[in-house]
Amino acid sequence: MIRTAIAARRTAGNVLYARSLSTTGVTRNKLPTTNSPIVNRLEFFNSVTGSSAQIPTYRVLDGVGKPIEGAELPEIDKDYARRLYEKMQLLPALDNVLYNVQRQGKISFYMTAYGEEATIIGSAAALASDDEVLGQYREMGVLLWRGFTIDDVMAQCFGNENDKSGKGRQMPVHFGSPEHHFHTISSPLATQIPQAAGVAYALKRDPQRRSKNIAACFFGEGAASEGDFHAGLMLSSTIPSPTLYICRNNGFAISTPSTEQYYGDGIAARGPGYGIDSIRVDGNDILAVINAITEARKRCLEQGRAVLVEAMSYRVGHHSTSDDSFAYRARAEVEDRKRIDNPLTRFRLFMESQGWWNDEAEAELKARIRADVMQSFKRAEALKRCELGELFTDVYGGEEPWNIREQREELAQLLKKYGQVWEPWRSELSKFKNNGKDLLGSQ
Ligand SMILES: Cc1ncc(C[n+]2csc(CCOP(=O)(O)OP(=O)(O)O)c2C)c(N)n1
Ligand SMILES: [Mg+2]
């Protein structure tokens, strides 16, 4: 009986469908679960732009810092521009020193942001300082923009007693700072993407922060190959939340070039598949990044929904201190990319054209920043690490589970036995406050 009824309804539907085809082949009738117009032309598609052209890249400044005709500049004055430029320059200054410090064996690891200064500082500037940020690992500049000091950076990278991020328990550049609304970096790629959807949903549910704050999630185009990318976008698409996805497309996932990471039109093309407003922007043009992120943030708040920004740049440095990129790309290519569309040069030339900058200011800034970084490095190097016992405390919200207790006791026993008699241990212990003695009494 039921089966007959369904069959009858199907037949009626087919009749309706057949009748509804107009002479032009397009009908106003819709299928029950979609608003898709009905057509009689057999046509496949493979572009979100509706043509064979790729998604365009939004730009404000040309390659030599001249505003493109018709492009709208963000409202910035001399002081603000100088602040932007100063933070952009601070990144390579820190990178130069910390990269070399790692090479000297003084810190264990480092990652530079060479070439991505405009993407990172421009995004940071367009966010509210209390928007929640979930980074991948190359976003130290967001913290610097928010007031994280050079000493704070050094403390984290050296893992010394002043490391507020994690008391020296994290790898270098795995920053975290609740005070700066910067969630702790974790190495497994893309985990921050679904987490950001959750953070943004929590913001939306909080009457104090709803319509005020968003969650901004940075990731590389390589991380977008992870399942978590799709899980995250799906989450913020179906359970809407003000999540701003910022993809730093720097052309590489370690040695894999982006040409081997996707066959489609980059990362921006994936947004519309999830009903997410998306844009591609020139990530080497800080003014374009500021405009794109400002508008994206506004949409997040107004619609309570996610937005995706794909910022195009080029990773000028090696992936990390564990990488030698000349094993998989030509030096000449890198040298070319340093010159063409260089984000720092472009913005500097723009500032000069406004009468906001000159050679003297450039020399003063570079000398000052370099001196600040070197002094801070020397201070950080001289500081001790946290007490060794801190390795075991407040890992689980103040509790000490049985396995952590066992590990603490075992280390204490080993230290008692070998701590002073075996030279490598003696010298290692001398780097901690109290030379690790706090742990000896903790059995
Ligand atoms: C789940 C997972 N797989 C692999 C890695 C190793 N890994 C670390 S960084 C990286 C490349 C990421 O590239 P991208 O997301 O484009 O960021 P970029 O380094 O270019 O800023 C890879 C494969 C990892 N950390 N986590
Ligand atoms: Mg990349």
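A residue is counted as near a molecule if its C-beta atom, placed from the backbone, lies within 6 Å of that molecule. The legends below describe close-up views of a predicted model.

**Figure 1. The residues around ligand 1 in the predicted model.** Sorted by class, the shell consists of six nonpolar, five polar and four charged residues.

**Figure 2. The domains of the chain and an annotated region.** The domain assignment divides the chain into domain 1 (1-43), domain 2 (78-382) and domain 3 (388-440). Between the C-alpha centres of domain 2 and domain 3 there are 35 Å. According to an unreviewed UniProt entry, residues 87-384 carry the annotation "domain: Dehydrogenase E1 component".

Figure 3. The buried residues are Ile150, Asp152, Val153, Met154, Ala155, Gln156, Cys157 and Phe158. Just after H5 comes Gly159, which takes a positive phi of about 60°.

**Figure 4. Helix H10 and the packing of its buried residues.** The buried residues of H10 are Pro343, Arg346, Phe347, Arg348, Phe350 and Met351. They pack against H2, helix H3 (117-126) and helix H8 (286-303). An α-helix has 3.6 residues a turn, so residues three or four places apart point the same way. Just after H10, a positive phi of about 80° is found at Gly355.

**Figure 5. Glu352 in helix H10.** Glu352 belongs to helix H10, which spans residues 343-353. Is Glu352 buried or partly exposed? A residue needs 20 or more other C-beta atoms within 10 Å to be buried, and 12 or fewer make it exposed. Glu352 counts as partly exposed because it has 15 C-beta neighbours inside 10 Å. Apart from its neighbours within four places in sequence, Glu352 is in contact with Trp357 and Asn358. Ala269 lies 83 residues from Glu352 along the chain, and the C-alpha atoms of these two residues are separated by 36 Å.

Methods:
Residues numbered from 1 in each chain as written. Chains lettered and ligands numbered in written order. Predicted model: local features only at pLDDT ≥ 70, side-chain atom pairs only at ≥ 80, totals over all residues. Nonpolar A, V, L, I, M, F, W, Y, C, P; charged D, E, K, R; others polar. Domains from an automatic or database assignment. UniProt positions renumbered as here; feature names shortened; annotations may be inferred. Helix = DSSP H or I, 4+ residues; strand = E, 2+ residues; numbered from the N terminus. Contact = placed C-beta atoms within 7 Å.
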